[in-house]
Amino acid sequence: MFVNIGGLEIPVLLKGKKSMKDNFACFCHNTESIHVLSTMDPALRRKTLAHECFHAFLFITGHNELLGDISENFEEALTRAFEQHLGLYMFFNKEIEEWIKGGT
Ligand SMILES: [Zn+2]
C-alpha cells in the first residue's frame, strides 16, 4: 500500500513484532517508507498511520531538520499534537481505508 504525501508515493509496509522491536510504527528516513506493526486493530492502525504520515510530511519538507535544531523531542511532540487533534479528521482514500480495516 502507498500513501501520497506532497506528490511522493510513500510505501507503507506491515512488519512483525521482531523487526519493530518496541515500536508500533516508524517513518524510515533511509528508505522513505512507513513501517507499521501488523497486529494493530483498525482504530490504532488509523491513528498510527496519521502519525507516521505527519512524520513523513515533516521529513519531505525539511521541517524535521529545523525542529531538530530547536530540540531533539520537538518533532515527536508536534507529531503527537497533530495525531491527537487533526489526525482524527485526516482524509484517506478508499484503498487506504480498506488497508486500515485489515488489508495487507
Ligand atoms: Zn512519532
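I started by counting elements, and the protein chain has 5 helices and 4 strands. Helices here are DSSP runs of H or I with at least four residues, strands are E runs of at least two, and both are numbered from the N terminus. What I opened is a predicted model, where local features need pLDDT of at least 70, side-chain atom pairs count only at pLDDT 80 or more, and totals for chains, interfaces and linings use all residues. Residues are numbered from 1 along each chain as its sequence is written.

Next I read the order of elements: from the N terminus on, the protein chain runs β-β-α-β-β-α-α-α-α.

Then I looked at overall dimensions. The C-alpha trace of the protein chain spans about 40 × 30 × 25 Å along its principal axes.

How much of the protein chain is buried? I found that buried residues make up 24% of the 104 residues. Buried means that 20 or more other C-beta atoms, placed from the backbone, lie within 10 Å of the residue's own.

Last, I followed Cys53: leaving out residues up to four places away in sequence, Cys53 touches Val3 and Ile5. A contact needs C-beta atoms, placed from the backbone, within 7 Å.

Note on methods. Contact = placed C-beta atoms within 7 Å. Buried ≥ 20, exposed ≤ 12 C-beta atoms within 10 Å, placed from the backbone.
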